[in-house]
Amino acid sequence: MRILMVSDVYFPRVNGVSTSIETFRQSLAGQGIEVRIVAPRYGDEPEAPGVVRVPGRPVPRDPEDRIVAWRAMSRTVREQAAECDLVHIQTPFAAHYSGLRAARREGVPVLATYHTLFEEYLHHYAPFLPARGLRAVARHLSRRQCNALDGVVVPSVAMQSRLVHYGVKAPIHILPTGIPLARFAGGDRARFRAAHGIAPSRPVALFVGRVAHEKNIGFLLEMAAEAVKRCPDLLLLVAGEGPALPALRAQAARLGLDESVRFTGYLDRHRDLPDCYAAADVFVFASRTETQGLVLLEAMAVGLPVVAFAEMGTIDILAPRQGCRVPAGDPAAFAEAVVEILSDDAQRIRLGSEARNYARNWSDETMAARLADLYFEYHRNGNPIAWKAHTKARPA
């Protein structure tokens, strides 16, 4: 079976969507499914089997991303869809419209994964427009796009509920992205600390993710300012890149945290990131709009206790309270939970063991098997209401 994944973002652009696409792509091969990808070209990426790049230009105010050439995207997706059994859209921009059009033309089912809660994000990137209006536009567009599909995949129960509230009538399937457990099992704590000048015994709280406003990293800086009052040698490590970095550096300086916060920038996921996780003592995460929170599971797979808010997509991960603490929503309470773990070796070890065992339930193989079943079901039966009327005869 051949699946065409269409996306406006993919590696080397690092974010949750890219990670999800690549994780499923590799894991689905073990399920007998070939995945082809159409995605933007960012620079001089080497050719890779099964990946077709489309030219694009940097997004204004966010040069890490690309706006693809619409005609080139549409043409490329149409060509690739002719040889595939199902189209799986990953983003709601050019990828959505080209993927939907190509699927209808070829008479194959079309699904989309709703990765991002755009109504919570748009005001960060268009602050000059009314937030209420932007939310209304995001809801309307999401409803219209989702209802044009045969089915929608979401990473969490909270996201399913939000789409139902929008008025989405297409079938919604809850299917999180899994994590490659083996990749995060062999990090080298000593190597990372030595390379970054971190003393072997210094307590480290770690955040990993895109350094963007919606990740609420500013809250973590406020938390660190509280935590160092009780744990003076605490180091908050922020691993990632993004548009909020200059503002966060300035905030750290205002809070007097120059010696207590370090921004590492981008870390290679295969070589450096596992070492970074292993070098930490606790993982911290304050986003209130996350659709899943893969980094929580990556940290847990390493055996890191997690302190995070259980809101939106992270509820599904944190609800069992395995290997984690979920504090109240103010910096002082969050800091208290972090310091308590760092100051109690027995608690930290116990929570780390719980986290590692719990993460096994979220393996990439498990989630890929579930997605493969969904693909085969749509390929066999489709959705009579949504797409059989569009089906045309195809060569055997």
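## Aromatic pairs and the aromatic cluster

Y10 and F11 are both buried, where buried means under 20% relative accessible area, exposed means over 50%, and partly exposed lies in between (1.4 Å probe, protein chains only). The structure is a predicted model, in which local features need pLDDT of at least 70 and side-chain atom pairs count only at pLDDT 80 or more, while totals for chains, interfaces and linings use all residues. Residues are numbered from 1 along each chain as its sequence is written, and side-chain values use heavy atoms, with hydrogens and water left out.

A pair of aromatic rings is described by the distance of the centres and the angle of the planes. Rings of Phe, Tyr and Trp (its six-membered ring) pair if their centres lie within 6.5 Å; planes under 30 degrees apart count as stacked, over 60 as edge-to-face and the rest as tilted. By this rule the count comes to 10 aromatic pairs. In one of them, the rings of Y10 and F11 have centres 5.9 Å apart and planes at 40 degrees, so the pair is tilted. The rings of F207 and F285 also have centres 5.9 Å apart, but their planes stand at 10 degrees, so this pair is stacked. F207 belongs to strand β10 and F285 to strand β13 (residues 282–285), so the pair ties together parts that are 78 residues apart in sequence. Helices (H or I, at least four residues) and strands (E, at least two) are DSSP runs, numbered from the N terminus. F207 counts as buried at 0% relative accessibility, and F285 counts as buried at 1%. Both rings belong to one aromatic cluster formed by F184, F207, Y277, F283 and F285.

V284 is placed in strand β13 and is buried, with a relative accessible area of 0%. Not counting residues up to four places away in sequence, V284 touches A205, L206, F207, L220, M223, L236, V307, F334 and V338; contact means heavy atoms within 4.5 Å. The C-alpha atoms of V284 and A310 are 12 Å apart in space, and the two residues are 26 residues apart in sequence.

V154, found in strand β8, likewise counts as buried at 0% relative accessibility. Leaving aside neighbours within four places in sequence, the contacts of V154 are Y114, M159, Q160, L163, I172, H173, I174, L175 and P176. V154 and Y114 are 40 residues apart in sequence, with 5.4 Å between them in space, C-alpha to C-alpha.

## Helix α6 and its packing

In helix α6 (residues 157–166), the buried residues are A158, M159, R162, L163 and Y166. Seen down the axis of α6, these residues fall within an arc of 135 degrees, so they line one face of the helix; the arc is that of the directions from the helix axis to the C-beta atoms. The buried residues of α6 pack against α5 (131–147), β8 (151–154) and β9 (172–174). Just after α6, G167 takes a positive phi of about 105 degrees.

## Packing of α13 against α14

Helix α13 (residues 331–342) packs with helix α14 (residues 345–359) at an angle of about 100 degrees, their axes being 6 Å apart. That makes α13 roughly perpendicular to α14. Axes are lines fitted to C-alpha atoms, for helices over the stretch in contact, and angles run from 0 to 180 degrees between N-to-C directions. Angles under 35 degrees count as roughly parallel, over 145 as roughly antiparallel, 65 to 115 as roughly perpendicular and the rest as oblique.

At this contact, E340, I341 and L342 in α13 meet D345, Q347, R348 and L351 in α14. By class, the contact has three nonpolar, one polar and three charged residues. Ala, Val, Leu, Ile, Met, Phe, Trp, Tyr, Cys and Pro count as nonpolar, Asp, Glu, Lys and Arg as charged, and the others, Gly among them, as polar.

## Backbone features in loops

Most residues other than glycine have a negative phi, and most peptide bonds are trans. The peptide bond from F11 to P12 is cis, with omega near 15 degrees. P12 sits in the loop between β1 (2–6) and α1 (16–28).

N216, which is not a glycine, has a positive phi of about 60 degrees. N216 lies in the loop between β10 (204–208) and α8 (217–230) and counts as partly exposed at 23% relative accessibility. R321, also not a glycine, has a positive phi of about 60 degrees. R321 is placed in the loop between α12 (314–318) and β15 (324–325), and at 43% relative accessibility R321 counts as partly exposed.
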